[in-house]
Every structure is written in structure tokens, then in C-alpha cells.
Amino acid sequence: MNCRACNSKNLDFYITSKSQLIELGNFNFYICKDCKSLNLEASFSIEELKMLYSKDYPLFDMRRTWGKYYKFVEFEMQNVVKRRINYIKKFTSLENKFILDLGCGDGSFLIGLKNYSSNIFGFDIVKLRKDIEIFDNLDSIPYKFDIITAYHYLEHEENPRIIVDKVYELLKTGGIFIIETPKFPSFGFSIFKDKWAGLHTPRHFVVFSKKGLFTVLQRFKILKYSNFSSYSKYILYGLTLFKPNEENFIRWTIFMFLLYPIYTFSDDILTIVVKK
Ligand SMILES: [Zn+2]
């Protein structure tokens, strides 16, 4: 295995982590001695990947996960969409743009974007909506885009360098690519180690360091690097402490208030905006 971020062969065993949100045993992470990104030692077939994101995966379908509390979660999810849109507007307008969201999940962000353009498309391994065109193969997309977004997606790819090359081809010249992803090393990892939800074992093939992500994106011009998070920064802490489900909603919420002073200043997420 080479580093999935910088392609270096210089890897050292770093930590073993038990699978999260699924019972699959232990997995090993290796640290890249060159870019310091964490690399999962695993390779999955398409069938195995589909199993990892099957109906038991709680982060796709929030309605099913949170049951009667869904209306509170939905309110927050709408705020997530607003935060993303406001953030993107700092770099480009959205009006009538061709926009592709990678790892679009339930498509709530795509629905928000529909207020600005009718040329909104998604990409994901599962298709959770019929009202928006969602591709499951990047090679079959017949459009070129002004904006491509990847919120908590790139780390789910076994070969993110190949994905980023495809993104480069799919972007128009001057097009913008926005990535939000967990960061290593980070405050959350230093506290929770192998239990930290940012590892999302074994769905995150790589947890990028700043240097690792810059290396993956070296063909692009970097516009902005920050610890901006469209989700509450509590999410990685909540997921570390509790299984997300209806029964845990009250506990989840209480800890969200109790731990606010801790996670609000954390650096567990990195967001980068680049231009072709
Ligand atoms: Zn590396």
C-alpha cells in the first residue's frame, strides 16, 4: 500500500481500531512518514462496500436513524445546507451554475442548491432520490461543472488521487472544488485515539493531514484552507460517544451542550477550496 494521499511508500504501522457502526472486527491504520496522513489497511469489493453502506448505515437516512426526533435533526440539516451555500458564495455565485455534489447521500444539499440552478447533480454509491439525477460512475457523467463539492466524501474513497484526477477533468477551467473532511492529527484524535469517529473504521480509507490534502490537490490553485465545518463540530464527538439512534437522542443532545466549550474550538475538520 502506498499513501492514499501523497503516494509515498514510506508507511509505518500506527494504530488498530475496531470497526464503527458495524461489527467487522479490527483494522490497522498506517501513518505516512512523508505527509503524516493516516491510511487504512483494507480493500473492499463493490459488494463489500455496498454492505458497509447498507440499510444499517445510520448516516444516510436521518429520518430512519432519529425516528420521532427527526424534526430537530431536519432543522439542523437545513442549517448545514445554509452554511455550505453561504460559504461557497464567498468564492463564486451559484446562479445557473452546473454543480456536482460527490457523496450526496440523501441529497438534502442538492435540494438547497435547486433554489439557485436547475443544473444540479449528485454522485453516490446509493441513489436515495429520484427527483435529481444521481450518478454512480464518474466516468459516465456527460457534463462539465462550475462547482464540484465533496463534503465528507473523499476519505471514503480507496483511491482519492484517482477521484481528484476525475474531478479535474469534470471541472471547467476556473471551476471550483470544495472539500470538507476529518483532519489528522487533530484535537479529537488526541483525546479519543482509536475510538475517534473521524476514523469511521473501516469506511475512511484515509484521514488527511493538511500536507496530504495539499499534495492530492497539487494540480489546483489553493484559494482557502480552514477548519470551517458545515456540520456542528459536535458530530464527531457525538458519534464517538453514542450510537446515533432515537433512543440516544436525549443523551446526544445533553452532551452537545456539556461539551460545547471543548469541541467548538477543535480542529477536527478541514475545509479546502481550490480552483482549476
Ligand atoms: Zn502521504
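Biologist: Is Lys193 counted as exposed or buried?

Modeller: The class follows from a count of C-beta atoms placed from the backbone: a residue is buried if 20 or more others lie within 10 Å of its own, exposed if 12 or fewer, and partly exposed in between. Lys193 counts as exposed because it has 11 C-beta neighbours inside 10 Å. The model is predicted, and local features need pLDDT of at least 70, side-chain atom pairs count only at pLDDT 80 or more, and totals for chains, interfaces and linings use all residues. Residues are numbered from 1 along each chain as its sequence is written.

Biologist: Where is Lys193 found, and what is its phi?

Modeller: Elements are DSSP runs numbered from the N terminus, helices being H or I of at least four residues and strands E of at least two. Lys193 lies in the loop between helix 6 and strand 9. Its phi is positive, about 50°, although Lys193 is not a glycine. Asn96 is another non-glycine residue with a positive phi, near 60°. It sits in the loop between helix 3 (70–89) and strand 4, and it is exposed, with 11 other C-beta atoms within 10 Å.

Biologist: What is the sense of pairing between strand 4 and strand 7?

Modeller: They run parallel, and four bridges join strand 4 (residues 99–102) to strand 7; Leu102 has Ala150 of strand 7 as its bridge partner. Strand 4 also pairs in the parallel sense with strand 5 (residues 120–123), over four bridges, where Asp101 faces Gly122. Strand 7 and strand 8 (residues 171–182) are likewise parallel, with six bridges.

Biologist: Which residues of strand 4 point each way?

Modeller: In a regular strand the side chains alternate between the two faces of the sheet. Ile99 and Asp101 point one way and Leu100 and Leu102 the other, and all are buried. Strand 7 is mostly covered, with six of its seven residues buried.

Biologist: At what angle do helix 8 and helix 9 cross?

Modeller: Two packed helices are described by the angle between their axes and the distance between the axes. Axes are lines fitted to C-alpha atoms, for helices over the stretch in contact, with angles from 0 to 180 degrees between N-to-C directions. The axes of helix 8 (residues 234–241) and helix 9 (residues 249–258) come within 10 Å and cross at roughly 130°. The two helices are therefore oblique to each other; under 35 degrees would be roughly parallel, over 145 roughly antiparallel, 65 to 115 roughly perpendicular, and the rest is oblique.

Biologist: Which residues of helix 8 and helix 9 meet?

Modeller: Contact requires C-beta atoms, placed from the backbone, within 7 Å. Tyr234, Gly238 and Leu241 in helix 8 meet Trp252, Phe255 and Met256 in helix 9. These contact residues comprise five nonpolar, one polar and no charged; Ala, Val, Leu, Ile, Met, Phe, Trp, Tyr, Cys and Pro count as nonpolar, Asp, Glu, Lys and Arg as charged, and the others, Gly among them, as polar. The buried residues of helix 8 pack against strand 8, helix 6 (187–192), helix 9 and helix 10 (260–263).

Notes:
Two residues are in contact if their C-beta atoms, placed from the backbone, lie within 7 Å. Two strands pair if DSSP finds at least two bridges between them.
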